[in-house]
Amino acid sequence: MRLGVLDIGSNAAHLRIADLTPGYPPQPVATLKRQIRLAEAINREGVVGRPAIDRLIEAVRETAAVAARHRVNELVPYATAAIRDAANRDAILAEVLATTGVRVGYMDAEQEARLTFLAVRHWFGWSAGPILLADIGGGSMELAYGSGETPDLALGLPLGAGRLTRHRLPDPERVKNKHVKRLREHVESVLAGSVGDLRARHRAGQATAVATSRTFAQLARLCGAPRAKAGPHVTRELRRADLRAAIELLACRTPMERARLPGVSAARARQILAGAVVAEATMAALDLPVVRICPWALREGILLDRLHHSAGHARHLSVVRSESA
């Protein structure tokens, strides 16, 4: 079975095509990534602006054509928090369908957490024991804990790096210390009311702490983890003590200056400071001195879920709102 997964995130639309064979990991066939910059186009009322919608439509049209050329058996297009939480979400998805023929679905943050957990479990295997997972996206952060293939507890919080940059940092070009302090206080307040069960389970089960997402991967590289070209199987970790220094470093630089730092991409330079604050506050709230970085995340979780489904197992993605026509 050849599957295409189109992930429409806050910054980019990313197509990954893979062949799925029972008993084997997904075998990569092709990938395509297009910058659509949705997060920066969302106004205070939560409406995604016209230029960003046009970029999205063009990206969906292009990725669908690539999927067709590679003869995928199924295309799974889905949007994460930037579209899911947009005030004009339904109008956007209707226009995408009308102009491209692709029906883009979306899932809630808890469902994203469960599928990402599935990918992480397959990457680290059963020897990891219980896993405590954190995943920072542009619009939300997902957390999960479990000893099996699917988590016992999963939740999503409105602590995405792009969302917080828009709403909590009035001038991302020149960030003031007082705004970083207020951002941290807000993040800590949200975490304090949400992660008590996760913290208790981690303490009781001594879970392997894992982080995934481009935000965590870039922060790990900034704090000294090996480069991407070292390969996906090289151990990468992020320490909370290093994050504190990274926050100070990022806060005193403009986005353009941050993009020159190790690991920080130009596409995420504006929101990487908010991502670092969320990462450090989350690790503190969960008593995590260090997390291991996993290269697999939501896209791989969807691929694995489809593989399980084709083999007769329960399908975790059954609650996605819609799929490709």
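**Close-up views of a predicted model**

**View 1. Strands 6 and 7 form a hairpin.** Four residues lie between strand 6 and strand 7 in this hairpin. Helices (H or I, at least four residues) and strands (E, at least two) are DSSP runs, numbered from the N terminus. The model is predicted: local features need pLDDT of at least 70, side-chain atom pairs count only at pLDDT 80 or more, and totals for chains, interfaces and linings use all residues. Residues are numbered from 1 along each chain as its sequence is written, and side-chain values use heavy atoms, with hydrogens and water left out. Strand 6 covers residues 131–136 and pairs with strand 7 in the antiparallel sense over six bridges. Two strands pair if DSSP finds at least two bridges between them. Ile-136 faces Met-141 of strand 7.

**View 2. Strand 7 continues into a hairpin with strand 8.** Six residues connect strand 7 to strand 8 in this hairpin. The two strands are antiparallel and share five bridges. Tyr-145 is set opposite Leu-153 of strand 8.

**View 3. Strand 7 is buried on both sides.** Six of the six residues of strand 7 are buried, so the rest of the structure largely encloses this strand. Buried means under 20% relative accessible area, exposed over 50%, and partly exposed in between (1.4 Å probe, protein chains only). In a regular strand the side chains alternate between the two faces of the sheet. Met-141, Leu-143 and Tyr-145 point one way from strand 7. Glu-142, Ala-144 and Gly-146 point the other way. All of these residues are buried.

**View 4. His-202 sits in helix 7.** Helix 7 spans residues 196–205. His-202 is buried, with a relative accessible area of 9%. Which residues does His-202 touch, not counting residues up to four places away in sequence? They are Leu-132, Tyr-145, Ala-207, Leu-286, Asp-287 and Leu-288. Contact means heavy atoms within 4.5 Å. Tyr-145 also belongs to strand 7, where it is buried.

View 5. Helix 6 runs over residues 177–192 and has 16 residues. From first C-alpha to last it reaches 22 Å, close to the 22 Å expected at 1.5 Å a residue. The expected span is 1.5 Å times one less than the number of residues. Its buried residues are His-179, Val-180, Leu-183, Val-187, Val-190 and Leu-191. Seen down the helix axis, these buried residues fall within an arc of 110°, so they line one face of helix 6. The arc is that of the directions from the helix axis to the C-beta atoms. An α-helix has 3.6 residues a turn, so residues three or four places apart point the same way.

**View 6. The two sides of helix 6 have separate surroundings.** The buried residues pack against strand 7 (141–146), strand 8 (153–157), helix 5 (161–168), helix 9 (240–251) and helix 11 (272–285). The face turned away from the buried side carries the exposed residues Asn-177, Lys-181, Ser-189 and Ala-192.

View 7. Strand 1 (residues 2–8) runs parallel to strand 4, joined by six bridges. Leu-3 has Glu-74 of strand 4 as its bridge partner. Strand 4 also runs parallel to strand 5 (residues 105–106), through two bridges. Here Tyr-78 stands opposite Gly-105, and Ala-79 has Tyr-106 as its bridge partner.

**View 8. Strand 4 is covered on both faces.** Glu-74, Val-76 and Tyr-78 lie on one side. Leu-75, Pro-77 and Ala-79 lie on the other.

**View 9. The whole chain gives the setting.** The protein chain has twelve helices and eleven strands. Buried residues make up 54% of its 325 residues. A compact globule with 325 residues would have a radius of gyration near 20 Å; the chain has 19 Å, which agrees. This radius is taken over C-alpha atoms, and the globule rule is 2.2 Å times the number of residues to the power 0.38. Along its principal axes the C-alpha trace spans about 50 × 45 × 35 Å. Of the contacts with a separation of 6 or more, 68% join residues 24 or more positions apart.
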